[in-house]
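Please have the view open as you read.

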Amino acid sequence: MKHGHSEVSATSCIYCGLPLNASGEGDHTIPLAYGEFFKARNFFGLCDSCHSKCDQGAAQLLRCGIESEYRDYATLRSERHAKRRSGMSKGAMGAPAPSRTVEIDGRHLPVRQRHGNSVEPSDCIVFRRADGSEATVSVFPRMGARALARKLLAAGWVEGTEVFVSVAEERHAEIVSMLETLIPRASYRETSVLAAGVHRVKGVNVYTVNTHYFRAIAKIAFHHYLCWSTTQESGREPRFDEIRRFITTGMAAQPPVVSVGDDSVPPPESPADVAHIVCFGRTADGLVGLVHLFANEDTKTRPWLVRLTHDEISDDEVPDVWGHAYVYCDIVDGGKPYAGVVREIRIRHG
Ligand SMILES: [Zn+2]
């Protein structure tokens with residue numbers, strides 16, 4: 001809260017209209033966990049109740065979306081918030097944490113509990129079902145033979161099926177002897193073992209999100225617009241009714257957040273920089289914002305288009321396509337590291 005001030009002198013909550021407590025904390029446009037940006041403007045016009053509703057969406061954005069992969073980048077630069085990362089592998093608001101598989105011998109094996117960018121597969125047994133599909137049964141620490149048998153049968157194993165064993169070396173003998181007792185006539189094959197060293201392996205990451213994720217994206221666009229536009233709008237205007245309802249409840253006649261192709265994404269200031277990009281423009285029937293978090297040539301995050309209004313807007317209301325890039329760089333202020341600077345960006349039409 002130390003850096004930057006909103007130019008919107010709100011006295012009531014933009015979502016529910018309740019008068020604001022003068023000492024109340026405001027909401028950050030870009031989640032703090034994505035780094036605190038030097039010169040970033042904050043938006044203060046939120047009551048505690050609406051703030052916590054916004055946090056529900058942010059929790060899913062931070063824990064479940066592809067952007068969660070890039071949070072290390074932010075926390076490296078903002079050590080104060082490093083503690084907030086504990087318990088990150090849990091999912092949020094009905095969506096699971098991202099899952100990762102690694103391809104070994106042509107099979108996609110689940111990756112062991114994530115430690116940074118580990119691609120070590122978790123202990124598992126793989127077999128092909130009668131219908132040709134492949135089943136993967138995870139073997140947990142201290143799992144007994146009976147529990148393992150139940151899991152195999154539940155996954156569709158039938159007698160005679162060849163089983164592939166992929167477990168850590170120290171547990172290998174234990175698991176195989178367990179299997180030999182359970183299913184004496186099955187044949188076992190081991191997946192190949194990678195020698196220590198650097199390997200290029202194929203893998204698949206799966207990100208699952210629901211409406212809460214999109215509420216968080218919409219909030220970033222809306223608050224950013226209110227903080228940085230020169231229109232002096234409070235956010236309570238009727239033309240923002242729909243976007244406000246979506247941000248607090250997830251309900252909307254038409255989803256206001258849609259994916260856009262890479263072509264329409266403005267490049268960051270420098271291709272080497274990673275940046276959050278939020279910019280705005282007109283369409284025939286309203287104001288739209290573009291939100292692209294952790295944008296850069298190498299990252300795989302996707303940009304989202306957020307429809308903020310449905311009304312016609314006058315030509316001078318949004319002067320051009322304009323916006324800001326929150327660029328990561330090494331800025332130290334008073335001995336404390338900050339994630340970077342906020343730079344104005346302007347994107348030319350056509
Ligand atoms: Zn409120």
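This is a predicted model: local features need pLDDT of at least 70, side-chain atom pairs count only at pLDDT 80 or more; totals for chains, interfaces and linings use all residues.

Two residues are in contact here if their C-beta atoms, placed from the backbone, lie within 7 Å. Arg215, Ala218, Lys219 and Phe222 in helix H5 meet Ile243, Phe246 and Ile247 in helix H6. Sorted by class, this contact of H5 with H6 has five nonpolar and two charged residues, and no polar ones.

How is such a pair described in general? Two packed helices are characterised by the angle between their axes and by the distance between those axes. For H5 (residues 211–228) and H6 (residues 241–249), the angle is about 135° and the axes are 8 Å apart. Angles over 145 degrees would count as roughly antiparallel and those of 65 to 115 as roughly perpendicular, so H5 and H6 are oblique to each other. The crossing in which H5 passes H6 is left-handed.

**The wider setting**

Stepping back, the protein has six helices and 14 strands. Of its 350 residues, 34% count as buried. Among contacts between residues at least 6 apart in sequence, 68% join residues at least 24 apart.

Seven of the strands form an open sheet with mixed pairing, in the order S1-S14-S13-S10-S11-S12-S9. Its edge strands are S1 and S9, each of which pairs on one side only. Within this order, S13 and S14 pair in the antiparallel sense over ten bridges, and Gly323 stands opposite Ile345 in S14.

H5 comes back into the picture here: this helix lies across S9, S10, S11, S12 and S13, and runs at about 110° to S11.

| S1 | 37–38 |
| S9 | 257–259 |

**A closer look at Glu134**

Now turn to strand S5 (residues 134–138), where Glu134 lies. Is Glu134 buried or exposed? Glu134 has 12 C-beta neighbours inside 10 Å and therefore counts as exposed, since the cut-off for that class is 12 or fewer. Leaving aside neighbours within four places in sequence, Glu134 is in contact with Arg107, Val126 and Arg128. The C-alpha atoms of Glu134 and His108 are separated by 9.5 Å, with the two residues 26 apart along the chain.

Conventions
Residues are numbered from 1 along each chain as its sequence is written. Helices (H or I, at least four residues) and strands (E, at least two) are DSSP runs, numbered from the N terminus. A residue is buried if 20 or more other C-beta atoms lie within 10 Å of its own, exposed if 12 or fewer, and partly exposed in between; C-beta atoms are placed from the backbone. Axes are lines fitted to C-alpha atoms, for helices over the stretch in contact, and angles run from 0 to 180 degrees between N-to-C directions. Angles under 35 degrees count as roughly parallel, over 145 as roughly antiparallel, 65 to 115 as roughly perpendicular and the rest as oblique. A crossing is left-handed if the near helix is turned anticlockwise from the far one by less than a right angle, and right-handed if clockwise. Ala, Val, Leu, Ile, Met, Phe, Trp, Tyr, Cys and Pro count as nonpolar, Asp, Glu, Lys and Arg as charged, and the others, Gly among them, as polar. Two strands pair if DSSP finds at least two bridges between them.
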